[in-house]
Amino acid sequence: MPRKPSSFFTSGDPRRDADALERSADSQLLRKAVNTLAIVPKSARITTLGRKSYNVLLFQAQEQGLEKDVFRTPLDTVVKGLDFDSNDHALIKKHLRAMVSTTVEWQSPTSGEGASWNVSGLLAHAKLSKERGQVWVEWSYAVNLKQELLEPTVFARLRLEVISQLRTHAGVVLYEVCTRYKDIGRTARQPWRWWYPVLSGNPTSEKTERLEYRIFKRDTLKPAIAEVNSITDLDIELIEHKQGRFVDEIQFYIGPKKQASLALSRPVVPVDIGMVARATALGVPEDALDPLFVAHGEEAVGQALEALSRRMANPFPDVLRDPLRYLKALLANGPSASVAAPAAEQEGANTQAAARELSSSRKARWQAEWTRREHERCAAAIEQLSAQAQRDLETQLLEALRARDAHPSIIKRLSTSGWQHPMVRHEMLRFFGDATFGVDWDKPSAEQLLEIASELGADVEPGGGMEPLGTSVRRQP
């Protein structure tokens, strides 16, 4: 049976009683032991999805309780975006296999803070099984770590709904470490080469020994800091300590934002690996996606993957031999190249495209109307804030725009004219909407499109079928 906080109220153990009260007050709180924050991979890379999935498994295990040796949960509570009716779970098997086989050193970000040093795999074992049509995942932890993992004495209080919005391994780790020390105001001071495997998830090698600090700062530190500052409730600054002319050690200053995080409390959601599954199925390596997410955003990458899928399905004028290179070219050429198929693809398209044109335009009209209403709802929510709260929100948006090197004209209009300027309004709606309503707040579901279609007097095919949605509609008597 899952562990319930109320069962601890008369346990006689003050620490467990206090912990139960904390858990009941915030059901999304993951207590991650300080020794597990700065894990150093020794045998293989730790991916972003691997770290996120591990956090969800750890949360589930803490809910089920220390008295269990083996933990079980439906796989769709851990990950989403896979075809669970299929027997092919190659991607999740890959990550579970890595959690078991990857050797890591468990250490605190502060020297001497942890009670001990340990080395083991992230998981002791993992198993997938199908029962009554549902896929289950089973796992366990090494005996030398189980107690500290499930009932840690020194830990960081992490919000999984915040972690779910971070896209890079370095961003996830930096958020976890800085959350642990946010009350202190800064992390411990460590050599920058100590930080590299911790943040990147890459084991040290002969190649990494030749890495220059400026490259580490450009490719790992700056993107991670920008991501944490734009998404979480923390403001982080890099502090460099030089020995002579060269940077030797670094640490991070941590300050709270002027306004608390705008994210609403939501149930713990499984890790979305749907886009990674699509990419790997198209021949794009998972490791290549992180920098693309950082440089172009998830929406643009998703559109480019759709264009890549269309191109790979069409052998004209020749079979595509390098999917990753083609994907990068689509993103480099801008949104129009990601959305529209290349001219060669258009030439080789079959005649069914013309027959679908009318239905597609109707669906686009329904989607545009639904999006317009959501944007109005979002704008109304911002306008209901106090004048000071709106100014604080503009300050946060300004920092986020600068962090991602937005066009100077947008930054200037925000500084001089406020968020309601036509050049800035869509940026504010996206910034506020993602944090308040969730990352897909203005993307309608099939059911919501059906509602809009019925309001607009959409044509329903004979027999109840509405072709643009691919969804059957039952006629009412």
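Let's start at a strand pairing: Gln 190 stands opposite Ile 250 in strand S12. This is a predicted model, in which local features need pLDDT of at least 70 and side-chain atom pairs count only at pLDDT 80 or more, while totals for chains, interfaces and linings use all residues. Residues are numbered from 1 along each chain as its sequence is written, and side-chain values use heavy atoms, leaving out hydrogens and water.

**The sheet**
- S10 and S12 (residues 246-256) pair in the antiparallel sense over 2 bridges; pairing requires that DSSP finds at least two bridges between two strands.
- The open sheet has 3 strands in the order S10-S12-S11, with antiparallel pairing.
- S10 (190-191) and S11 (234-243) stand at the edges with a single partner strand each, so one side of each has no neighbour in the sheet.
- Helix H9 (residues 213-231) packs on this sheet and touches S11 and S12, where contact means heavy atoms within 4.5 Å.

**Helix H7**
- Helix H7 (residues 192-200) is largely enclosed by the rest of the structure, because 8 of its 9 residues are buried (under 20% relative accessible area, with a 1.4 Å probe and protein chains only).
- Among the buried residues of H7 are Trp 192, Trp 194 and Trp 195.
- The buried residues of H7 pack against several elements, including S10, H9 and S12.
- Gly 201 follows H7 and has a positive phi, near 80°.

**Helices H11 and H12**
- H11 (residues 289-296) and H12 (residues 298-313) pack at an angle of about 120°, with axes 7 Å apart.
- The contact involves Leu 289, Leu 292, Phe 293 and His 296 of H11, and Glu 298, Ala 300 and Val 301 of H12.

Note on methods:
Axes are lines fitted to C-alpha atoms, for helices over the stretch in contact, and angles run from 0 to 180 degrees between N-to-C directions. Helices (H or I, at least four residues) and strands (E, at least two) are DSSP runs, numbered from the N terminus. Buried means under 20% relative accessible area, exposed over 50%, partly exposed in between (1.4 Å probe, protein chains only).
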